[in-house]
Amino acid sequence: MDASDAAPAHPQTRHEIALPSAEVSYLEWAPPEPERTLLLLHGGGVDSASLSWGGVGPELAAAGYRVIAPDHPGYGSSPLPDWSSSQERLVGYVGEFVAALDLGGYAVGGLSMGGGMTIGHLLDRPEKITGAIPMGSYGFMERLGEGRFAGLLHWLTWASVQSGFLDLATRWYSGKRSRMDLTIKALIADPARRDPALLDEVWQAVQSGEGSAAFSQWQKSEYGRKRAKTVYLAQLPSVTTPVLLVHGENDPGVPVARARLAASLLPHGRLVEVPGAAHWVQRERPDIVVPALLDFLAGLDWPAGSAVRQPAW
């Protein structure tokens with residue numbers, strides 16, 4: 001189904017759920033009787049379900065999907081848990097979340113850190129997932145950079161994270177609206193897409209401090225002295241689930257070449273390169289990303305048991 005043929009958008013609702021390891025708040029967009037579910041996972045930093053998916057969730061729901069987007073523990077409206085954030089912990093919480101909502105067959109997608117969580121969750125539970133959609137995904141790079149000075153850049157980042165210097169620099173940089181607005185350029189390349197409403201929403205998230213502690217914990221866990229802790233490339237050839245990679249052509253954090261490599265390793269992988277886009281690809285070019293997602297979702301082999309089972313609140 002093309003996005004232009006979709007029914008009117010549906011408003012979002014917010015729910016809270018108690019998991020074995022954390023209290024989680026999540027957003028939902030859904031038509032009256034959805035039969036297929038899409039789980040969407042936001043990225044790190046000050047990101048949240050609303051920031052990453054508030055623009056595309058209603059469009060996907062209008063096309064007939066139940067869209068669920070949690071605030072990860074310590075982000076958005078979900079309180080900081082009593083455990084330190086790591087890739088393993090986050091992948092584990094996603095498994096708990098899916099079990100608590102008693103999802104049948106479903107698709108899962110995520111941005112950046114959430115893209116890495118998508119891959120980790122897929123590797124953990126391949127029999128449950130109909131399709132996966134990592135966007136600007138973490139987990140494809142051995143070091144935090146490419147080229148001649150990649151090793152030095154990675155070491156400097158590791159040292160600044162472990163010493164706390166990166167936290168201090170981030171707080172200083174985010175302490176003034178004009179400085180913070182500059183960081184959005186690395187996320188959204190097109191100035192026309194950096195609208196005042198988006199900048200206001202990001203500024204409010206920065207001022208609230210949501211996600212900063214959890215993301216700092218994750219960085220300390222993931223960034224080793226010489227390499228990233230989590231690299232999924234060696235496991236990709238074993239993935240039999242259809243995977244759609246969505247990546248900005250000008251992503252400065254994860255070069256598009258890494259997404260091309262990942263797509264070549266996946267037996268049923270396909271890559272959509274979004275022209276001119278940076279890292280926050282679904283916020284910058286929803287006009288490309290949403291139709292690509294709908295086309296991919298429509299082509300999946302949804303199981304008969306994928307109809308929605310509503311949880312008991």
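Select Leu156 in helix H5 (residues 150-163); helices here are DSSP runs of H or I with at least four residues, strands are E runs of at least two, and both are numbered from the N terminus. This is a predicted model, where local features need pLDDT of at least 70, side-chain atom pairs count only at pLDDT 80 or more, and totals for chains, interfaces and linings use all residues. Residues are numbered from 1 along each chain as its sequence is written, and side-chain values use heavy atoms, without hydrogens and water.

**The surface patch**

Leu156 is partly exposed, at 44% relative accessibility. With Leu156 they make a nonpolar surface patch of about 430 Å².

**The whole protein**

Zoom out. You see 12 helices and eight strands. Of the 313 residues, 52% count as buried.

**The cores**

Select Leu39, Tyr93, Phe97 and Leu236. Of the 44 residues in the largest nonpolar core, these touch the most other members. (Such a core is a set of buried Ala, Val, Leu, Ile, Met, Phe, Trp, Tyr and Cys residues joined through side-chain atoms within 4.5 Å.) Helix H3 (residues 87-101) gives the most to this core: seven residues. A separate core has 41 residues, including Tyr65 and Trp302. In soluble globular proteins, nonpolar side chains tend to be buried together.

**Helix H10**

Go to helix H10 (residues 256-265). Which of its residues are buried? They are Val256, Arg258, Ala259, Ala262 and Ala263. Look down the axis of H10: its buried residues fall within an arc of 150°, so they line one face of the helix. (The arc is taken from the directions from the helix axis to the C-beta atoms.) Strand E7 (243-248) and strand E8 (269-274) are among the parts that cover them.

**Salt bridges**

Stay on Arg258. It is buried, with a relative accessible area of 12%. Arg258 forms a salt bridge with Glu142, with the closest N and O atoms 2.9 Å apart. (A salt bridge is a side-chain nitrogen of Lys or Arg within 4 Å of a carboxyl oxygen of Asp or Glu.) Arg258 lies in helix H10 and Glu142 in the loop between strand E6 (129-135) and H5, so the pair ties together parts 116 residues apart in sequence. Glu142 is partly exposed, at 33%.

Next, select Asp287 and Arg193. Their side chains meet in a salt bridge (3.6 Å, N to O). Asp287 is in helix H12 (residues 286-298), and Arg193 is in the loop between helix H7 (177-187) and helix H8 (196-208).

Notes
Patches are made of residues with over 30% relative accessible area and no salt bridge: like charges are joined within 9 Å, nonpolar side chains (Val, Leu, Ile, Met, Phe, Trp, Tyr) within 5 Å. Accessible areas come from the Shrake-Rupley method with a 1.4 Å probe; for residues, only the protein chains shown count as cover. Buried means under 20% relative accessible area, exposed over 50%, partly exposed in between (1.4 Å probe, protein chains only). Contact means heavy atoms within 4.5 Å.
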